[in-house]
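Reader: Please present the model and take up some questions on its architecture.

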Amino acid sequence: MTSLKTLITEPWADFGLVDSGHGRKLERYGRFRFIRPEPQAMWAPASPDWKADGEFIGGSDEDGGGRWQLQPAVPEQWEMKRPTSNGDVNFWASNTPFRHLGFFPDMCAQWDWLSGHIRPGDRVMNMFGYTGVGSLVAARAGAQVTHVDASKKSVAAARENAALSGLGDAPVRWMIDDALKFLRREVRRGAKYHGLIFDPPKYGRGPEGEVWQLERDLPELVDLARQLLADDARFFVLTVYAIRMSALALHPLLDQALGGRGGLIDAGDMAIREEARGLLLPTAIFARWSAL
Ligand SMILES: C[S@@+](CC[C@H](N)C(=O)[O-])C[C@H]1O[C@@H](n2cnc3c(N)ncnc32)[C@H](O)[C@@H]1O
């Protein structure tokens, strides 16, 4: 029997989901507050009156999918901090044209869990690593990190975040590559990892235009993960968002690939706790394996 669990990101000093409702959410990122569209917030908000430093106005794909309306006081980027059990990780937040702020706060629940599962010297891969906060959490825990993303710009941003965190000299390999190409190459080389963090988008492109399509490519991704985990591996974390898929569908995929190793497989929803009333806003689904 599969029992699902909910992984909750709680508010912290530099981030909180302040209120939500009527298809929008109010969040604080450092000293600024922003309003963004949130189709899942179908309920009424706690307060009818939101004060914010900016709002993302959603639009059709033809007009670029929407745009930010920002107060003049909002800088191009500002520093944020996420405490971990091994020390802080610092990174830049900004109002990106893709409606998010340059990092994904709901991943914190995974990052906290990882901090407790990494031992110094472990080899950990963060695939689809984006601006690198997950890689830096792993580096803080003493891991030798392989950070992979198809976007040169994202990898450059991740390296800036490493420098900001004082981790510029940490053992991190920064790779600009296509996910499947890189993983197949690592399998051919006989590379082995103690931990894997995979956060694939619904659709994406590698540096040479390679197409990533979640429903088509996820089974191969998980099979490559199986081959890359060392005999004494500790974890495999898979998260999926922005897609019509249940965590109930992820569990058997991981069970078939990794169930034979023993250990534990969890799957379920990821969510952010709203500060106003404590209600949970769902963001993504996950499945993860860990050695006992
Ligand atoms: C939204 S991000 C993942 C978020 C990240 N794990 C975090 O918590 O900050 C998805 C990333 O996948 C990358 N990507 C898309 N297609 C890819 C591919 N074929 N190979 C490697 N990376 C890809 C994108 O550049 C993007 O940075």
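Reader: Which residues come nearest to the ligand?

Author: The model is predicted, so local features need pLDDT of at least 70 and side-chain atom pairs count only at pLDDT 80 or more, while totals for chains, interfaces and linings use all residues. Residues are numbered from 1 along each chain as its sequence is written, and side-chain values use heavy atoms, without hydrogens and water. Around the ligand stand 19 residues, each with a heavy atom within 4 Å of it. Those that come nearest are D149, D178, A179, D199 and Y241.

Reader: Which side chain has an N or O atom 2.6 Å from an oxygen atom of the ligand?

Author: A nitrogen atom of the ligand lies 2.8 Å from a side-chain N or O atom of D178, and a nitrogen atom of the ligand is also 2.8 Å from one of D199. The 2.6 Å distance, from a ligand oxygen atom, belongs to D149.

Reader: Which residue in β4 stands opposite E27?

Author: Strand β3 (residues 24-29) pairs with strand β4 (residues 32-37) in the antiparallel sense. Six bridges join these two strands. Opposite E27 stands F34.

Methods:
Pairing = 2+ DSSP bridges. Helix = DSSP H or I, 4+ residues; strand = E, 2+ residues; numbered from the N terminus. Polar contact = N/O pair within 3.5 Å; in protein donor to acceptor, adjacent residues only side chain to side chain.
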